[in-house]
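Here is a short tour of a protein model, written to be read with the structure open beside you. Take a look first, then follow the points below.

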Amino acid sequence: MLVSSWPNAIAHVDADCFYASCELLRRPDMKGVPLCVLSSQDACIVAKTYDAKAAGIKTGMTVWDAKKLLPDAAFLSADFQYYGQISDKLFAILRRYSPAVEEYSIDEAFLDMKGLRSLNQKSYEQIADEIRAVVQQEVGITVSVGISVTRTLAKMASEYRKPNGTTIVTGKRINEFLQHLKVRDIPGVGENREVLLNKFSMQSAADFANASEREIKRLLGKAGTDLWHELRGTPIYPLIIQPQLPKSVSRTASMGQLTQDKAVIHSHLLRHAMRLSKELIEKRLTTRNLIVMLTLKSFEKQLLSALLSHPTADYFLLADAAGKALEEMFGLAQSYRACGLIATEIAPSRSDDFDLFQQVEKKREEKHLKLLQAMHGVNYKYGGNVLSMAAAIKPVSHRAVRFNYPLLECT
Ligand SMILES: [Mg+2]
């Protein structure tokens with residue numbers, strides 16, 4: 001096992017029950033009331049405060065079951081746009097402490113802290129405590145911070161004194177730290193692996209780290225030995241500092257048959273716009289430039305690019321831009337076989353994509369994004385495309401008519 005104290009220094013910062021804390025931030029009157037945040041269809045619990053957790057409420061539980069356990073709790077619908085804004089503030093603070101930040105999830109980040117002690121003239125522990133204090137002061141929520149020599153150890157450290165705790169694990173103290181933890185506390189060890197490791201006399205995380213590499217390989221394969229190295233202080237998983245943004249995100253497809261009907265092409269483009277918007281929203285990305293592509297009968301491709309007023313993932317803006325481009329491109333005498341949309345100038349979605357003069361537009365877009373998230377949620381729950389935009393529904397042939405799906409309207 002590792003002997004030197006700081007061959008690397010990686011911090012893991014993790015907000016404490018993030019969605020619930022965000023809600024308490026704008027509902028201070030609810031402090032002290034157990035609070036549960038619901039999935040976009042209000043079907044199950046996606047986050048809860050510690051007191052709700054203590055009452056036995058678990059993430060993934062149905063609202064019905066949770067209300068039976070804790071009828072007095074407050075049940076709130078999730079508002080991911082709002083959580084995204086709080087998340088942006090959190091990450092902006094973290095970037096003051098290190099230029100190398102990996103945004104791991106909406107409320108978790110890894111920071112490469114090596115060499116930053118002398119810059120800050122503080123110990124790692126003091127830096128971690130300062131990060132917690134500044135986040136609490138400027139954002140109003142609490143985070144827990146772990147600093148250690150690999151990302152797995154840093155993550156285990158941030159978990160150790162939750163909520164609002166700092167845990168520092170130097171290379172020299174890894175073994176001591178791991179003795180306090182079970183194998184199940186190792187990220188990547190789920191129930192099945194736990195049972196297996198217990199069968200081979202590994203109960204604590206230290207038992208795992210002190211087993212032979214051969215034994216771990218035999219039981220868990222390469223995934224196991226990667227973890228084993230991380231737990232012994234040798235970094236295997238690098239920080240992904242620059243998220244690899246795609247150059248473009250596209251949705252193109254054949255229309256099944258040649259068509260000269262502009263309305264048919266338009267409905268295909270709207271469906272492509274919906275899929276494109278969904279993918280961008282899910283990956284928290286935006287596009288600034290939308291290219292509409294039409295393929296002629298001769299396979300010749302026609303492209304027209306439309307610059308959007310600001311970086312967006314909003315279906316309604318994409319659909320509008322695609323419709324306008326089609327008007328310009330469409331030739332009456334032509335037959336078309338395929339069409340599609342290519343989004344370029346991809347950037348991470350941020351809440352400050354708007355300046356002060358665009359506030360009205362921002363409000364409208366937030367409303368759109370909420371509607372779209374709700375719609376994708378329903379489609380996810382019931383499978384397929386139970387809900388879609390009216391104009392984007394594929395023209396149905398007389399054989400395929402069954403019943404009409406509900407249509408969403410948005411102004
Ligand atoms: Mg968290």
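**Briefing: sheet, metal site and helices**

Strand β2 (residues 35–38) and β4 run parallel and are joined by 4 bridges. Please keep in mind that this is a predicted model.

**The open sheet**

- The open sheet here consists of 3 strands in the order β3-β2-β4, with mixed pairing.
- Its edge strands, each pairing on one side only, are β3 (45–48) and β4 (74–77).
- On average, neighbouring strands of this sheet are turned by 30° against each other, if direction is ignored.
- Helix α1 (residues 18–26) packs on the sheet and touches β2, β3 and β4. The direction of α1 makes about 110° with that of β2.

**The magnesium site**

- Which protein donors does the magnesium ion have? They are D14 (OD), A15 (O) and D107 (OD), at 2.2 to 2.4 Å from the ion.
- Along the sequence, the spacing of these donor residues reads D-A-x91-D.
- D14 belongs to strand β1 (residues 10–15), while D107 sits in the loop between β5 (101–105) and β6 (108–112), so this pair ties together parts that are 93 residues apart in sequence.
- Are D14 and D107 buried or exposed? Both D14 and D107 are buried.

**A largely enclosed helix**

- Why can helix α7 (residues 151–160) be called largely enclosed by the rest of the structure? Because 7 of its 10 residues are buried.
- The buried residues of α7 are R151, T152, L153, A154, M156, A157 and S158.

**Two helices packed together**

- In general, a pair of packed helices is described by the angle between the axes and the distance between them.
- For helix α12 (residues 262–282) and helix α13 (residues 315–329), the angle is about 150° and the axes are 9 Å apart.
- The crossing of α12 past α13 is right-handed.
- On the α12 side, the contact includes K262, I265, H266, L269 and L270, as well as A273, M274, L276, S277 and L280. These meet Y315, L318, A319, A322, G323, L326 and E327 of α13.
- By type, the residues of this contact between α12 and α13 divide into 12 nonpolar, 3 polar and 2 charged.

Methods: Residues are numbered from 1 along each chain as its sequence is written. This is a predicted model: local features need pLDDT of at least 70, side-chain atom pairs count only at pLDDT 80 or more; totals for chains, interfaces and linings use all residues. Side-chain values use heavy atoms; hydrogens and water are left out. Buried means under 20% relative accessible area, exposed over 50%, partly exposed in between (1.4 Å probe, protein chains only). Helices (H or I, at least four residues) and strands (E, at least two) are DSSP runs, numbered from the N terminus. Two strands pair if DSSP finds at least two bridges between them. Axes are lines fitted to C-alpha atoms, for helices over the stretch in contact, and angles run from 0 to 180 degrees between N-to-C directions. Contact means heavy atoms within 4.5 Å. Donors are N, O and S atoms within 2.8 Å of the metal (3.2 Å for Na, K and Ca); water is not among the atoms, so sites may look incomplete. A crossing is left-handed if the near helix is turned anticlockwise from the far one by less than a right angle, and right-handed if clockwise. Ala, Val, Leu, Ile, Met, Phe, Trp, Tyr, Cys and Pro count as nonpolar, Asp, Glu, Lys and Arg as charged, and the others, Gly among them, as polar.
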